[in-house]
Amino acid sequence: MPSDDLRAGESLIRTGDSGFEIDQAVFGDWLGTLGLARTAPVQATRVGVGQSNLTFRITDAEGRQWILRRPPLGHLLASAHDVAREARVMAALGPTDVPVPHIHDVRHEGEVALVLMECVDGLVLDRPPVAEQLTPELRRATGVSLTATLARIHAVDLTATGLDDLASHSPYAARQLKRWPAQWEKSKTRELPVLDRLTERLRAAVPEQRELSLVHGDYNLRNVIVAPDSGQIAAVLDWELCTLGDPLADVGSLLAYWPLPGEPSVPGVDLCLLPGFPTREELIDEYLTITGRDRKALAFWHTLGLWKLAIIAEGVLRRALDNPRNRALSGTPTTELIDELIGLADRVATDAGL
């Protein structure tokens, strides 16, 4: 169960002259209520290149480490960046074969949730220099494990995990095509008629939904932790967009994050072009072999994945413009990149006859 709210006026993470700072007393009190040992002082370091929820590694004087997640700073769109819901999903998956960090607790500062979780050892492949630490053989093992882990996510028993009420059971594509255009309208920095036209094309091409599964919603190489000695996925992270829906939606998102040479991509995901990583077609074949699902609808979901990625990138751009402290190490998407992503989505849709 989530802990009681922090006392009025207290803030665990603050911004100072040297970046983000942690309140030693507040953090010590929190760990004390959880029965977790810590030796002062503790330090908070922002980690990852993600530009949505903020992630910090907290380290004490004896080297113990925890991960803290909180929403980005500034104005948030309704239902976005819900780290408490994300923590609920990971806690429910703890007993399954889907690798996730252990959730220690959820606390609140007013309406802002803070999630404290286990710090899992391994590599987050969010920049090419990190991926270059793996041999080509280990990169291939990572790609295969990434696909197998996605298949395990889609095999989760929703009733046994208590996640059957996580989201609506209505057709997923229709929900996406309602939600994301609304997000675009709230965060867009300019008009983009080609996106509006693509939205209508997608609405006209929605495939029939024949099954309902857990959907990660943002599954890609940067949102997992990799064991450096084996290439296996040690933990799946960033469940904030998790929902219930068509499992092929996650495959489409993964393909959107797995560019071919020369294709546009958000900063950092082109590391999948390093030698050893499977090709996009090999990922598809591996997933379909494990699950037995049909590839006919994949072009729709690939298109929708690129379309959604462009809308998310626009939201990242808007938050960075509104508050520069939300910028991440990988840089901020540009309007030119977002236009290119929409152009690629349009070409994928046209080639598939959508």
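Started with the sheet: I find 5 strands in an open arrangement, ordered β3-β4-β5-β7-β6, and the pairing is antiparallel. Keeping in mind that this is a predicted model.

Which strands stand at the edges? I get β3 (43-46) and β6 (103-109); each has a single partner strand, so one side of each is left without a neighbour in the sheet.

Zoomed in on the β6 end. β6 pairs with β7 (residues 112-118) in the antiparallel sense, and I count 6 bridges. One residue I clicked on was H108, whose bridge partner in β7 is A113.

Next, what packs on this sheet? Helix α2 (residues 83-93) does, touching β5 (65-70), β6 and β7. The direction of α2 makes about 30° with that of β7.

Then the aromatics: the structure holds 4 aromatic pairs. I looked at F27 and W66, where the ring centres are 5.6 Å apart and the planes sit at 70°, so I log this pair as edge-to-face.

Last stop, the second largest pocket. I read off about 300 Å³ of space there. How many charged residues are in its lining? There are 7, alongside 5 nonpolar and no polar ones. Among the lining residues I noted R210, E211, D246, R293, K296 and W301.

Key: Residues numbered from 1 in each chain as written. Predicted model: local features only at pLDDT ≥ 70, side-chain atom pairs only at ≥ 80, totals over all residues. Heavy atoms only, no water. 1 Å grid on protein atoms, 1.4 Å probe; cavity = no way out; pocket = protein on both sides within 12 Å on 5 of 7 lines; lining within 4 Å. Points joined across faces, edges and corners; volume = space filled by probe spheres on them. Nonpolar A, V, L, I, M, F, W, Y, C, P; charged D, E, K, R; others polar. Pairing = 2+ DSSP bridges. Helix = DSSP H or I, 4+ residues; strand = E, 2+ residues; numbered from the N terminus. Contact = heavy atoms within 4.5 Å. Axes fitted to C-alpha atoms, helices over the stretch in contact; angles between N-to-C directions. Phe/Tyr/Trp six-rings, centres within 6.5 Å; stacked < 30°, edge-to-face > 60°.
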